[in-house]
Amino acid sequence: MDLKDLYRDVIVDHNRNPRNFGKLDPADAHADGHNPLCGDRLTMYVNLDGERVSDTKFEGAGCAISVASASLLTEAVKGKSRDEIKALFVDVHALLTQHDANVDLSRLGKLAALSGVREFPARVKCASLCWHTLNAALAHADEPVSTE
Ligand code: ZN
């Protein structure tokens with residue numbers, strides 16, 4: 001089995017059996033994301049323990065890439081700090097968009113399976129939707145809680 005087959009199997013597996021799928025209730029923050037180019041819709045939920053994401057889940061519907069990417073994201077960011085997540089997204093975005101990306105794949109773990117997406121530029125937004133939505137949820141978590 002070569003690397004491409006392995007990566008494809010990871011995507012197929014995470015699309016068929018998405019990890020951390022469902023609503024996180026209660027959640028410290030959540031955000032909705034929509035990719036109109038493909039019709040993907042996701043809601044990302046996060047719980048924070050200080051600066052770290054203690055738990056995250058997602059729900060929604062979309063193409064195989066969007067669901068697999070969100071599933072891989074939830075596994076990758078649990079326990080990570082906001083800064084670590086930011087750095088991870090920089091690497092994932094480079095992986096998705098640059099053929100000569102200078103990315104240390106060993107740092108990405110299973111997220112490396114998304115590298116095949118760069119062959120299909122139209123699908124980059126499918127794969128990055130969950131990351132943008134997670135960032136939006138983390139930004140909501142910064143907003144002061146209303147007691148009204
Ligand atoms: Zn899509």
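Trainee: What spacing do the donors of the zinc ion follow along the chain?
Mentor: In this predicted model, the donors of the zinc ion follow the spacing C-x1-D-x22-C-x62-C.

Trainee: Which protein donors are these, and how far from the zinc ion do they lie?
Mentor: They are Cys38 (SG), Asp40 (OD), Asp40 (OD), Cys63 (SG) and Cys126 (SG), and they lie 2.2 to 2.6 Å from the zinc ion.

Trainee: Where do cysteine 38 and cysteine 126 lie?
Mentor: Cysteine 38 is in the loop between strand 1 (29–35) and strand 2 (40–49), whereas cysteine 126 belongs to helix 5; the pair therefore ties together parts that are 88 residues apart in sequence.

Trainee: Is cysteine 126 buried or exposed?
Mentor: Cysteine 126 counts as buried, because its relative accessibility is 1%. Cysteine 38, at 35% relative accessibility, counts as partly exposed.

Trainee: Turning to the helices, at what angle do helix 2 and helix 5 pack?
Mentor: Helix 2 (residues 64–77) and helix 5 (residues 124–142) pack at an angle of about 45°, and their axes are 7 Å apart. They are therefore oblique to each other.

Trainee: Is their crossing left-handed or right-handed?
Mentor: The crossing of helix 2 and helix 5 is right-handed.

Trainee: Which residues make the contact?
Mentor: Helix 2 contributes Ile65, Ser66, Ser69, Ala70, Leu73 and Val77, while helix 5 contributes Cys126, Ala127, Cys130, Trp131 and Leu134. By class, the contact of helix 2 with helix 5 has nine nonpolar residues, two polar residues and no charged residues.

Trainee: What about tryptophan 131: buried or exposed?
Mentor: Tryptophan 131, found in helix 5, counts as buried, because its relative accessibility is 0%.

Trainee: Which residues is tryptophan 131 in contact with?
Mentor: Leaving aside neighbours within four places in sequence, tryptophan 131 is in contact with Ser69, Leu73, Val77, Ile85, Leu88, Phe89, Val92 and Leu111.

Trainee: Which residues does alanine 31 contact?
Mentor: Apart from neighbours within four places in sequence, alanine 31 is in contact with Leu42, Thr43, Met44, Thr133, Ala136, Ala137 and His140.

Trainee: How far apart are alanine 31 and tyrosine 45?
Mentor: Alanine 31 and tyrosine 45 are 14 residues apart in sequence and 6.9 Å apart in space, C-alpha to C-alpha.

Terms used
Residues numbered from 1 in each chain as written. Predicted model: local features only at pLDDT ≥ 70, side-chain atom pairs only at ≥ 80, totals over all residues. Heavy atoms only, no water. Axes fitted to C-alpha atoms, helices over the stretch in contact; angles between N-to-C directions. Helix = DSSP H or I, 4+ residues; strand = E, 2+ residues; numbered from the N terminus. Parallel < 35°, antiparallel > 145°, perpendicular 65-115°, else oblique. Left-handed = near helix turned anticlockwise from the far one by under 90°. Contact = heavy atoms within 4.5 Å. Nonpolar A, V, L, I, M, F, W, Y, C, P; charged D, E, K, R; others polar. Donors = N, O, S within 2.8 Å, 3.2 Å for Na, K, Ca; no water. Buried < 20%, exposed > 50% of the residue type's maximum accessible area, 1.4 Å probe, protein only.
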